[in-house]
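Subject: Structure for you to look at

Hello,

Here is the structure I said I would pass on. Please open it beside this message and read the two together.

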Amino acid sequence: MKRFTTIISATLLLLAWSNVASARGVVIGGGINFPSFDVKEIKEFNYKSFTGWHAVIGYQSGSWAGFTLQPEVAYQVRGVNFDDAKTLKMNDLQLNLNVQWGIDLFVFKPFIFASPFAGYNFSNEIVGDAMGTEALLESLTDKLNFGFGAGIGIDVWKIQITAKYNWDFGRVNFGAYKEELGKIKTNAAAFEVTAALKF
């Protein structure tokens, strides 16, 4: 009888954890960004990586054949560090639509996901002397941006951890540079790591 009770208790506990791992609910979290900002053919433009951060609030839907929707609103701080101790910071409000697919393995659920997004740049800030190239970059930053992300994640109990790579298709408009300096190839992207709680 004791062994039977133990088996039943363990089974119910596993089922409860399984339901929590894949349950719908509000998602609140945050993490860090590792942007990649590539500007080619401008020799005098020297810059370094800038580690930013983000905070998110969203909602995870129920699961259908392993698929889950998780729309999110994120506050993002991104930017570029220049070699003369100046930093261009961009503050964005971003809407992400995460489409997840994974296999529920009782106490945890690993998943992959795609994440189209659109954002609005509501303010910029240059830390240091805003002169020359840095000031022009600030003035050319698009207010609207959009892109696509892809990543992996895991749900364990009420905790969700994700890693995502974003391709940003509309961050900075280099039209003025093209007129003055010729053809310029750019790439704005970011690797993100996020930890969140589900309620």
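Below are my notes on the structure, topic by topic.

This is a predicted model, in which local features need a pLDDT of at least 70 and side-chain atom pairs count only at pLDDT 80 or more, while totals for chains, interfaces and linings use all residues. Residues are numbered from 1 along each chain as its sequence is written, and side-chain values use heavy atoms, with hydrogens and water left out.

Confidence

pLDDT is the predictor's confidence in each residue, from 0 to 100. The protein chain has a mean pLDDT of 75, and 62% of its residues reach 70 or more. The pLDDT is below 50 over residues 15-20, a stretch with 8 contacts in the model beyond near neighbours in sequence (contact means heavy atoms within 4.5 Å). It also stays under 50 over residues 176-187, where the model has 23 contacts beyond four places in sequence. Where pLDDT is low, the predicted coordinates should not be read in detail.

Overall layout

The protein chain has 3 helices and 9 strands. Helices (H or I, at least four residues) and strands (E, at least two) are DSSP runs, numbered from the N terminus. Along the sequence their pattern is α-β-β-β-β-β-β-α-β-β-α-β. Of the 199 residues in the protein chain, 40% are buried. Buried means under 20% relative accessible area, exposed means over 50%, and partly exposed is in between (1.4 Å probe, protein chains only). If you take the contacts in the protein chain between residues at least 6 apart in sequence, 67% of them join residues at least 24 apart.

Strands β5 (residues 87-102) and β6 (residues 108-127) run antiparallel and are joined by 14 bridges; two strands pair if DSSP finds at least two bridges between them. Lysine 89 stands opposite glutamate 125 in β6. There are 5 residues between the strands of this hairpin, and phenylalanine 106 takes a positive phi near 65° in it.

Salt bridges

How many salt bridges does a search of the whole structure find? The search finds 3, a salt bridge being a side-chain nitrogen of Lys or Arg within 4 Å of a carboxyl oxygen of Asp or Glu.

- Arginine 78 and glutamate 192 meet through their side chains at 2.8 Å, N to O. Arginine 78 is in strand β4 (residues 67-82) and glutamate 192 in strand β9 (residues 186-198), so this pair links distant parts of the chain, 114 residues apart. Arginine 78 and glutamate 192 are both buried.
- Aspartate 155 and lysine 198 have their closest N and O atoms 3.6 Å apart. Because aspartate 155 lies in strand β7 (residues 144-156) and lysine 198 in strand β9, the pair ties together parts that are 43 residues apart in sequence. Both of these residues, aspartate 155 and lysine 198, are buried.
- Lysine 164 and glutamate 192 meet at 3.8 Å, N to O. Lysine 164 lies in strand β8 (residues 159-168) and glutamate 192 in strand β9, so the parts tied together are 28 residues apart in sequence. Lysine 164 is buried.

Arg78, Lys164 and Glu192 are linked in a network of salt bridges.

Aromatic pairs

The structure holds 6 aromatic pairs. Rings of Phe, Tyr and Trp (its six-membered ring) pair if their centres lie within 6.5 Å; planes under 30 degrees apart count as stacked, over 60 as edge-to-face and the rest as tilted. Tryptophan 53 is in strand β3 and tyrosine 75 in strand β4, 22 residues apart. Tryptophan 53 is partly exposed, at 42% relative accessible area, and tyrosine 75 is partly exposed at 27%. Trp53, Tyr75 and Phe122 form one aromatic cluster.

Alanine 163

Alanine 163 is found in strand β8 and, at 22% relative accessibility, counts as partly exposed. Leaving aside neighbours within four places in sequence, its contacts include Phe113, Ala150 and Glu192. Phenylalanine 113 is 50 residues from alanine 163 in sequence, and their C-alpha atoms are 9.9 Å apart in space.

Regards
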